[in-house]
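Some labels used for a structure rest on a value and a cut-off.

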Amino acid sequence: MTAARLLARTVRGIESVVAEEIRRRGLGRVERLGHREVWFRSADPGPEVLGLDCADDVFLVAAAVSGIGRDRSALRLLAEAAGNVPVEPLLALRQRCGGRPRWSTVDVSASFLGRRNYSRYDVEDAVGGPLAAAVGLPYHGRRGGVAPPPGGLSWRVTVADDRALVALRIAERPLHRRQYRQQTRAGSLHPPLAAAMVRLAQPHQGARLLDPCCGVGTIPVEAARTDPTLSIVGSDRDPASVTGAVANGAGTTVSWAVADAGRLPVATGSVDVVVSNPPWGQQVPPSGVLAQRPERFWRELRRVLRPGGRAVLLLPDANTWLPQAADAGMKLVDRRPVSLFGSHPEIVALEVAER
Ligand SMILES: C[S@@+](CC[C@H](N)C(=O)[O-])C[C@H]1O[C@@H](n2cnc3c(N)ncnc32)[C@H](O)[C@@H]1O
């Protein structure tokens with residue numbers, strides 16, 4: 001048995017959902033939640049850590065360094081810490097957790113909070129040199145926005161206040177890059193966020209789940225991965241999106257349909273949970289009922305949901321829409337802001353009152 005500290009990175013706002021997933025899957029003891037981070041300790045980590053659906057990525061913690069100031073002497077401290085990383089045991093642990101045993105280059109991705117007299121590239125180079133030397137491979141820097149080649153050994157450095165963390169990515173590519181995603185379109189949802197929304201909807205085993213604006217199907221497919229007993233329907237007004245959803249959902253039992261969200265292809269009171277990100281952002285303009293009579297969309301959601309049913313929606317401008325939801329008889333039970341690629345929508349949970 002080899003105990004290890006691990007770090008899951010995720011979308012800002014769903015850290016607690018990732019922590020809950022870690023507990024439920026029995027992956028370890030959650031130690032703390034940070035900005036986009038969930039730290040946990042495992043007595044005996046294995047490949048199951050790569051099954052975290054709500055995390056963007058999972059890392060083995062290699063070093064924690066304190067005394068990292070704003071001036072460039074921090075770079076020397078970071079280089080020293082990187083030089084002292086116990087590389088061999090970490091690589092063995094990474095392989096036990098499902099990491100590939102071969103790699104061609106070493107790359108580092110760094111981020112920090114607050115103003116400092118050095119750049120993220122300075123941090124990456126300070127750490128990347130010693131780590132590459134320790135494994136005897138070339139270091140691939142990212143200066144100028146150059147993406148590292150695939151198949152590298154990827155390290156991550158995060159600096160917050162006066163503390164820095166050096167961590168080793170376990171998988172070869174980020175967990176949020178799902179194999180099933182053959183097709184994406186403007187507005188396609190980030191898969192870990194879709195997986196988190198499904199969990200927040202709390203569908204019971206065998207529940208019926210509907211996404212009435214499914215696009216290329218991210219939410220229905222994530223729901224099918226989360227619980228194969230669910231009965232899932234994905235519909236969208238745009239036939240080309242539904243074609244993409246069919247491709248992405250190959251191998252699942254999701255039913256797909258072309259339909260306007262004002263006239264959904266399901267019977268009254270037949271749906272347990274609705275999970276969706278409707279087109280109220282700037283990326284995808286609303287059309288049909290959502291453009292012309294959005295209040296009818298809420299009434300239609302209310303119609304299809306059973307009493308006590310729940311809707312979990314990603315809304316960029318929740319305050320605008322919540323009054324319409326309330327008018328349709330849907331009660332707000334939870335809202336949490338998330339940060340996603342520079343935008344700050346909210347995940348909103350609504351419930352239909354029991355009759
Ligand atoms: C933000 S995208 C959803 C993205 C989706 N979650 C995915 O991952 O691909 C919004 C979707 O709503 C659809 N849409 C727009 N107006 C609609 C309407 N009136 N009824 C149903 N779908 C509509 C668009 O075609 C688009 O696919």
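Helices and strands here are DSSP runs, numbered from the N terminus. In this predicted model, Q202 sits in the loop between α5 and β8.

Q: Why is R36 called partly exposed?
A: Partly exposed covers the counts between exposed, 12 or fewer, and buried, 20 or more. R36 has 19 other C-beta atoms within 10 Å and is therefore partly exposed. R36 lies in the loop between β2 (29–34) and β3, and its phi is near 65 degrees, a positive value in a residue other than glycine.

Q: What makes L153 buried?
A: The cut-off for buried is 20 or more other C-beta atoms within 10 Å. L153 has 25 such neighbours, so L153 counts as buried. L153 belongs to strand β6 (residues 153–160).

Q: Which residues does L153 touch, not counting those up to four places away in sequence?
A: L153 touches W103, V106 and V135. By contact is meant that the C-beta atoms lie within 7 Å.

Q: Why are α2 and α4 called roughly parallel?
A: Angles under 35 degrees count as roughly parallel. The axes of α2 (residues 73–83) and α4 (residues 120–135) cross at roughly 30 degrees and come within 8 Å. The two helices are therefore roughly parallel to each other. Their crossing is right-handed.

Q: Which residues make the contact of α2 with α4?
A: From α2 they are L75, L78, A79, A82 and G83, and from α4 they are D122, V123, A126, V127, G129, P130 and L131. By class, nine are nonpolar, two polar and one charged.

Q: How do you know that α6 is mostly covered?
A: Seven of the nine residues of α6 are buried. These are T218, I219, P220, V221, E222, A223 and A224. What covers them includes α5 (191–201), β8 (208–211), β9 (231–236), α7 (239–248) and β11 (271–276).

Q: At what angle do the axes of α5 and α6 cross?
A: The axes cross at roughly 65 degrees and come within 9 Å. The crossing of α5 and α6 is right-handed. P191, A194, A195, M197, V198 and R199 of α5 make the contact with T218, I219, E222, A223 and T226 of α6. That contact has seven nonpolar, two polar and two charged residues.

Q: Which helices each supply at least two residues of the shell around the ligand?
A: They are α6 (218–226) and α8 (288–292). The largest share, three residues, comes from α8. The ligand is surrounded by 26 residues, and the closest are C213, G215, T218, A261 and G288. The shell has 13 nonpolar, eight polar and five charged residues.

Definitions and conventions. Residues numbered from 1 in each chain as written. Predicted model: local features only at pLDDT ≥ 70, side-chain atom pairs only at ≥ 80, totals over all residues. Near = placed C-beta within 6 Å. Helix = DSSP H or I, 4+ residues; strand = E, 2+ residues; numbered from the N terminus. Nonpolar A, V, L, I, M, F, W, Y, C, P; charged D, E, K, R; others polar. Axes fitted to C-alpha atoms, helices over the stretch in contact; angles between N-to-C directions. Parallel < 35°, antiparallel > 145°, perpendicular 65-115°, else oblique. Left-handed = near helix turned anticlockwise from the far one by under 90°. Contact = placed C-beta atoms within 7 Å.
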